Amino acid sequence: MNQKKTRRPTQKGRSRGPHSATTAFSQDSSQPTFAIVGRPNVGKSTLFNRLTGTRRSIVGDEPGITRDRIYGEVEWEGKTARLVDTGGIVPDDEALIPSEIYRQAKVGIEEAQAIVMVVDGRTELAAPDLELSRILLRSGKPLFLAVNKIDTEALDAGAENFRQLGIHNLIAISAEHGHNIGDLLDEVFAVLKFPTEEEEEQKPFEEEPEEGSEEKAQSLHRTHGEYEQHETRIAIIGRPNVGKSTLLNAVTGTSRAIVSPIAGTTRDAVDEVIEYKDKTLRIIDTAGIRRKGKTHEMAEKLSVIMSRRHLEAADVSLLMIDATEGVTASDATIGGYAHESGRSVVIVVNKWDLVTTNRTDGKPAADRKVFEEQLRYHLKYLNYAPVVFLSAAAAIERAEKGQESRDIQHLLDTAIRVAEERRKRVSTGQMNRFLEQIDFQRAGVPLSKKMRIFYMTQAAVAPPTFVLFTDRDVKLHFSFERFLENQIRASFGFEGSPIWFKIKPRNKKNED
């Protein structure tokens, strides 16, 4: 078999975690971009995942799964390019979601240097294919036709039927099995404009810290979460239709995510990198999470799974609450996911203007203090999380008028502060002095669960984790744990972050 046809692209920097391939809207202009386009259900997301070496885009048999633009990196023959996966395009469809998908796809097409149009090689040519090819040919950009689902070389000849689309560069491929993927990348990378060696040399050079230097030592991974952070990952989580995509657009100042009144519009996680006060923030809009019994379509179930994964890879989670509906059982469940995974939490009460200044039901304006008290009552386990009240839609309106939104600035300041708190380290000496000042008799622990703490040390950060060296091998009683956590927060802070405890008894019970 031709070796070139079976070569696979490699993902750049795979060890960096689940977001390593999702450099959404990276500001690095040296990376050329190419886009994947096509009508629904032709295999665009499968091809995207194949080229990036990830499972970034949700794949399924249902048409129209991908809606927003999804970005990734493709490395081929020593060069790296940016790839954008677009939603299925149906030209002239005036329905809300298809028209928004088309708008998002056009943004991806405009920023791309080359375009790969994907068609289903096992079906007949459809009118949307002909219309889309005419639109893409008018762009004047290098255009490639990937006839997908051609699983073997014996079927390659059948792909020639698609030449009537008028696209000269035709490659028969199988995104699922990797057939002719190398040929496709050879042709695409040949037309992309990569920076020359002279341009690379003109980039500012940063010297590598010397071995043994303090700067080098600080960058080494010492404990969980304790390393030099180049960006802070902030995941927006919540029920469907609470305004997560609107908040992403408000924070980034773009129309990055599709917004509609239809619950469940977002399926793939959409992320955007912004610079704020010399900090690099990756804002991740996740799909709305709902109970398993409420998810029916396979795409929706996969969206929920992916949302949980993106949450667990984030530093800070913004738990969005709809002010018009108050705190629901689903909100409490989703907040529990963030709490149990050790993510820092900021509670965001969205649509606050609809229950205050813009209230239309004739009722008096909501009181912020009363609302927060009710919120704290229902989310007792998140008593450490700061609360921010805002209206994402109103922030976008102010931005369109050239006005700044203090609410959005306050939210970002809070998220940065919480991210720093989760990485705070307290020395063992400080902890021992802290223990000497605490009256543990006030903890109200049953006699069978009482223990003596000889000393205590912080073993890790992100989340802050403390090891208690005790005289007994008993499980930490919940009232004692809550008492100790409150005392630690009063002395050292750790705002927005859960605190974990581990017991290490001096005289461990024999198990024989």
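Which residues do ring pairs link into a cluster? They are Phe34, Phe189 and Phe194. Rings of Phe, Tyr and Trp (its six-membered ring) pair if their centres lie within 6.5 Å; planes under 30 degrees apart count as stacked, over 60 as edge-to-face and the rest as tilted.

The model is predicted, so that local features need pLDDT of at least 70 and side-chain atom pairs count only at pLDDT 80 or more, while totals for chains, interfaces and linings use all residues. Residues are numbered from 1 along each chain as its sequence is written, and side-chain values use heavy atoms, with hydrogens and water left out.

In the whole structure, eleven aromatic pairs are found. A pair of aromatic rings is described by the distance of the centres and the angle of the planes. Tryptophan 352 and phenylalanine 371 form an edge-to-face pair, with 5.3 Å centre to centre and 80° between the planes. Tryptophan 352 belongs to the loop between strand 11 and helix 11 (368-378), and phenylalanine 371 to helix 11, 19 residues apart; helices (H or I, at least four residues) and strands (E, at least two) are DSSP runs, numbered from the N terminus. Phenylalanine 371 also pairs edge-to-face with phenylalanine 389, at 6.0 Å centre to centre and 75° between the planes. Phenylalanine 389 counts as buried because its relative accessible area is 6%, where buried means under 20%, exposed over 50% and partly exposed in between (1.4 Å probe, protein chains only).

The next topic is the nonpolar core, a set of buried Ala, Val, Leu, Ile, Met, Phe, Trp, Tyr and Cys residues joined through side-chain atoms within 4.5 Å. The largest such core holds 28 residues, of which Leu247 and Leu318 touch the most other members. Helix 13 gives the most to this core, with seven residues. Leaving aside neighbours within four places in sequence, leucine 247 is in contact (heavy atoms within 4.5 Å) with residues including Ile236, Leu318 and Leu411.

Helix 13 gives the most to its lining, with three residues.
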